[in-house]
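Hello,

Here is the structure I promised to pass on. My notes follow it.

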Amino acid sequence: MSSISIQHMTKRFGSNVAVNDVNLEIKDREFVVLLGPTGAGKTTLLRCVAGLERPDGGTVSIDGQDIKAQAPAERDLAFVFQSYALYPRKTVYQNIAFPLEARAMSKADIAAAVKRVAGMLHIEHLLERRPAQLSGGEQQRVALGRAMVRRPHAFLMDEPLTNLDFKLRAEMRSELKRIQQELSETFFYVTNDQVEAMSMADRMAVLNRGVIQQIGVPQEVYEHPINLFVAGFIGSPRMNLIKCKFDTATSTLIDSEDAWRLPVPNGLRDAVAATRNTDDLLFGVRAEDVSLSENGGDGGIPGSVYVVEPLGDRTIYDLRVGGGIFKVKAPPTFRVPTGKQLNLSFNLDRIHIFDAQTQQAIL
Amino acid sequence: MMAQIKLKDIVKRFPNGALAVASLNLDIADGEFLVLLGPSGCGKTTTLRSIAGLERQTSGDIFIGERLVNDLPAGLRDIAFVFQFYALYPHMSAYDNIAFPLRATQISTAEVDQRVQSVAQKLRIEHLLKRRPNRLASGEQQRVALGRAMVRQPQVFLMDEPLTNLDASLRADMRVELKHLQSDLGVTMVYVTHDQVEAMSMGQRIAVMNLGVLQQVGAPLDIYERPQTLFVAGFIGNPPMTLIPVELDESNTLRAEGIAIPVPPALTDRVRTHQRGAELVLGIRAEDSSISAQEGVLSGCVRTVEPLGDETIYTIEVGSTLFRTSTSPTIRHAVGAPVKISFNTDRIHLFDAHTQQRVM
């Protein structure tokens, strides 16, 4: 258990800046998830921390100590990858014990350490098997066990759940989080899956094109995305983002094709008016912050049902409003057919407005 | 032309003896969007390939329209088979990619042009026709690929996990477009996937398969609300249904370690008429249970909390059972905290532990 401090880290590959002046503090025993799309620079950043890449600038410190001079093995960080890289001829027990065998540990101490880890991962019954006899989820647990057995400073994980099927991934998400809490160790975890990030992280750092976009508690980031990238990347279904402008005189959002107009409270007006740009905006609203009614309510906008997506516990309605599509979450008991005209009204406390030029949230 | 599909007693056995499809009967209506859903190895792709004529079933009959097609080669079945959506020819414009399937035919240039334009209009890609694939966004590439499948005007589309390799947000967009397009064109669609979200959101009906056996066919919400087998119950829904082996005792109570759930006598009467033994599996969906610090029928403690933004999933440990329950993000309980679980007994599911079938 240790803290990790990343300061002004930059890594270039030729003219391509993979990691651009990243600052990130990972506290002792914290579960921090680095989230971003493919090519964002997540893995490069993680490899710089591990010592597998040499950054072009900046420092990494563990418990306040700069580790630049340390080789990967000296850093005492455990690395878990997508591929499990288990030894096929060794049993599960031997695979987990392997990192300890190079150390001067007694057989009894090794056995105790393997047993402790196996218990925590619920794989005690598998210790005599070989990797080929294990399912993907079990193999992943063994790989974790091998990382856990030696009590490193911190765990670095690079999309470890990617190769598992959907069901197993959901199960392992909740297991990994439990294990981190039980171990009480520092986890630095990289993924492109926003569900993994939201559900596991104490804090998440969103990375795009090598630059940190936002760092925060998942629910905070979900509710207050700082820019368009974060707004669009986090949440499923994706946040509705629609081009619009703002008429300050009437305090009204106007669709860029003038397909709809939405009056907003004065507090909102003041925030938008304070920015100089009122012509090139994006209106953002999450699917759960829109409600549908069959009668034209007040303060809403009309739309027609384009596609209905029942998911069981909820139904997503895709509504055509002007030239755009709004996704709206409704309870499964709400059933209207394709083509039907409906009224969309918004929870105005929870709408977002972004400046299309700077990409930053205005509110 | 009517393009209903009828599968009658289809059996497919591979040369090594493995049974891929076991006596499958399925009627797909003209203009229907039917999804074949199941885990890998369940026989769904084999079934689709048999309809396409790419596999020959070991026994049984396949009808497309009124026609028995057992002996009809794939090329003459008037179907479009789509594996994945982005195998476009990189050196050809979007226009030429879409026109490609018509080039080898006797169709006149004017007719080809008219068909390409009509397809492009439906897909809203008229303005992109001159571009090459590398100048298209991936969503646009998908539409071009879809256009290429549409241009032959087949009456039946067969699709095998076409969205698998797309990133999550593009996949969500394509789901919507495909569903809209299918109803717009009025074609018959048979769509294979292992992704229950795709199946639920796109299918008019879903046929769930496992180990070569058809488990259930029905509208998405009917399957979700009344799964007929344990397999379907566990496979459909996210987070998965909590499934607990229980016994129904003489005092109308469902029991497991640390669990005692009283059920109304009417319900137990119904269970007993369907059921000889006492071993049952109780199923509860995450959204049909709720947690609170004080009130509930079961006591447990919070094992993990997974905030997802619009809801939070709690895993609660009760005895040796892990319950999943979904709550509003405003409800907060800490890991390790004792909580009570309550649920709506109208919405519980019970299965016979031996036959795996729904008992009520």
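Where in chain A is the place of Pro237(A)? The loop between helix 8 (228-233) and strand 11 (240-247) of chain A holds this proline. Keep in mind that the model is predicted. The peptide bond from Ser236(A) to Pro237(A) is cis, with omega near 0°.

Chain B has a cis bond to report as well: Asn238(B) to Pro239(B), omega near 0°. Pro239(B) lies in the loop between helix 8 (230-235) and strand 11 (242-248) of chain B. Most peptide bonds are trans.

Next, the interface. 30 residues of chain A are in contact with 29 residues of chain B. Helix 5 of chain A gives the most to the chain A side, with seven residues. That side divides into 13 nonpolar, seven polar and 10 charged residues.

Then the strands of chain B. Strand 16 (residues 298-307) joins strand 19 (residues 338-343) through four bridges, antiparallel. Cys301(B) has Pro338(B) as its bridge partner there. Strand 16 of chain B also pairs with strand 17 (residues 312-318) of chain B, antiparallel, over six bridges. Pro307(B) stands opposite Thr312(B). Four residues separate the strands of this hairpin, and Gly309(B) takes a positive phi near 105°.

Last, two positive phi values outside glycine. Asp258(A) has phi near 55°. Its place is the loop between strand 12 (252-255) and strand 13 (261-263) of chain A. Asp258(A) counts as exposed because it has 10 C-beta neighbours inside 10 Å. Ser23(B) has a positive phi of about 45°, and sits in strand 2 (residues 19-28) of chain B. With 14 other C-beta atoms within 10 Å, Ser23(B) is partly exposed.

Best wishes

Key: Residues are numbered from 1 along each chain as its sequence is written. Chains are lettered from A and ligands numbered from 1 in the order in which they are written. This is a predicted model: local features need pLDDT of at least 70, side-chain atom pairs count only at pLDDT 80 or more; totals for chains, interfaces and linings use all residues. Two residues are in contact if their C-beta atoms, placed from the backbone, lie within 7 Å. Ala, Val, Leu, Ile, Met, Phe, Trp, Tyr, Cys and Pro count as nonpolar, Asp, Glu, Lys and Arg as charged, and the others, Gly among them, as polar. Two strands pair if DSSP finds at least two bridges between them. A residue is buried if 20 or more other C-beta atoms lie within 10 Å of its own, exposed if 12 or fewer, and partly exposed in between; C-beta atoms are placed from the backbone.
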